[in-house]
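The sequence and structure come next.

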Amino acid sequence: MGEGQLLCFCTGIIEAYADAKLHDLCFYNPNDTIEGKLVPKKHHGVLFVQVTELKCGGMVVECTFDHRTADAYSANMFLVSWAELARCKPLLVVPSFRRSLLHPRRPGSYHPSLNDMYAPISALPPPPCRAPDADPLISRIYDVSSDEISLLQKLATSKGSSYRRTESFSAFLWKMIAETENDHKKICKMGIVVDGRKPLSSNGHDGKDDKSAAAAMASYFGNVLSVPCGEKMIDELKEKPLSWVGDAVHEHFLGLIDWVEARRPEPALARIYSSGSRDGPAFVVLSGQRFPAAKVDFGWRRAALGSYHFPWGGEAGYVMPMPSPARDGDWLVYMHLFRRQIELIEIVAPHLFKPLTSQYLSLMT
């Protein structure tokens, strides 16, 4: 059927040395000190690892994954298992590669709205030619205090509804990104990356979890992500209160198995990635809250910082909140947005988004 195959050649590991100390790195601006230096370039294959020794004796371990074979959940499993093996400990979770867990239904059925969210590669328009002076996508990392996140949660609550911190945070970002667009008749799109392991472990139509199915899906290694996308008019997002935007953010996972099965073996892509910004500003929120920085211990104690870095090359930006290694309840927020959007967010909400520093991470000696 022309299906892809995964071959293992046990190559793709490089050792490097940097004439810098850990606290010298500018974590706030990863474009300057991380991109192209500490993050390995993956020209082929599905995994590439770079281990960089620093002048202070510290070490940076960077892994580049192919998203077609592993989502963030699977990458987390790999990192934790690698650390456990390095310390000669038994694996807490043995990864499962059972593709039958994602077996399509017979007959297949999917909601037509999926055609608006995803498209086969062959059906996508060619990427536009960017002008040399076009507004670039840049990356920044901030620390966000737990108190500020709780305040956003209260502001986004309406009619007695209680939203999660990620939902409230996403509603705030949606409103902020809309403020960067002057044409009120355009639309602003926001995609929320959702892990399908929990919904797909549901047994039958009663919504209850089957324990064996839940355990199997919890150890599944692969890509089980969906990117439900919402869109609102710019003037609505600017004029309505944050609680109204919070109502619109409350999304549920949309199954893609039957949709993908009907188009196999042709690969597909989320439309917001390839052409999401053509009708107005667009961005995706990826939750990195399960990043296991505390569990990735190779025997050198807990890591001072664990972060995702996702230079995806799409036309839309993305934002990824992650747990802070320095203070419980705080977040580290990785933003990959257009420069004008970053600048406005820093002007409007400097109390919320504080540039990540070595002092915050307690790296200064």
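The text below describes the chain as a whole and then several local features.

This is a predicted model, in which local features need pLDDT of at least 70, side-chain atom pairs count only at pLDDT 80 or more, and totals for chains, interfaces and linings use all residues. Residues are numbered from 1 along each chain as its sequence is written, and side-chain values use heavy atoms, with hydrogens and water left out.

The protein chain has 12 helices and 16 strands; helices (H or I, at least four residues) and strands (E, at least two) are DSSP runs numbered from the N terminus. Of its 365 residues, 43% are buried, where buried means under 20% relative accessible area, exposed over 50%, and partly exposed in between (1.4 Å probe, protein chains only). The accessible surface comes to about 19800 Å², and carbon and sulfur atoms hold 56% of that area. Areas come from the Shrake-Rupley method with a 1.4 Å probe; for residues, only the protein chains shown count as cover. Among contacts (heavy atoms within 4.5 Å) with a separation of 6 or more, 76% join residues 24 or more positions apart.

In soluble globular proteins, nonpolar side chains tend to be buried together. A nonpolar core is here a set of buried Ala, Val, Leu, Ile, Met, Phe, Trp, Tyr and Cys residues joined through side-chain atoms within 4.5 Å. The largest such core has 37 residues, and Val227, Ile272, Val284 and Leu356 have the most contacts inside it. Two or more residues of this core come from each of H2, H3, strand S13 (282-285), strand S14 (317-323) and strand S15 (331-338). A second, separate core has 28 residues, including Val144, Trp174, Cys188 and Leu352. Leaving aside residues up to four places away in sequence, leucine 356 touches Phe27, Tyr28, Ile141, Tyr142, Asp143, Leu305, Leu332 and Leu361.

There are 12 aromatic pairs in the structure. Rings of Phe, Tyr and Trp (its six-membered ring) pair if their centres lie within 6.5 Å; planes under 30 degrees apart count as stacked, over 60 as edge-to-face and the rest as tilted. Two tilted pairs are tabulated.

| Pair | Centre distance | Plane angle |
|---|---|---|
| Phenylalanine 78 and tryptophan 82 | 5.7 Å | 40° |
| Phenylalanine 97 and phenylalanine 221 | 5.4 Å | 45° |

Phenylalanine 78 and tryptophan 82 both lie in helix H2, four residues apart, about one turn of the helix. Both are partly exposed, phenylalanine 78 at 26% relative accessibility and tryptophan 82 at 28%. Phenylalanine 97 lies in the loop between H2 and H3 and phenylalanine 221 in the loop between helix H7 (211-218) and strand S10 (225-226), so this pair ties together parts that are 124 residues apart in sequence. Phenylalanine 97 is exposed at 51% relative accessibility, while phenylalanine 221 is buried at 16%. Ring pairs also link Tyr28, Tyr142, Phe169, Phe172, Trp331 and Phe353 into a cluster.

Serine 146 belongs to helix H4 (residues 146-155). The C-alpha atoms of serine 146 and aspartate 330 are separated by 4.5 Å, although the two are 184 residues apart along the chain. Glycine 196 sits in the loop between strand S7 (194-195) and helix H6 (197-200) and is buried, with a relative accessible area of 0%.
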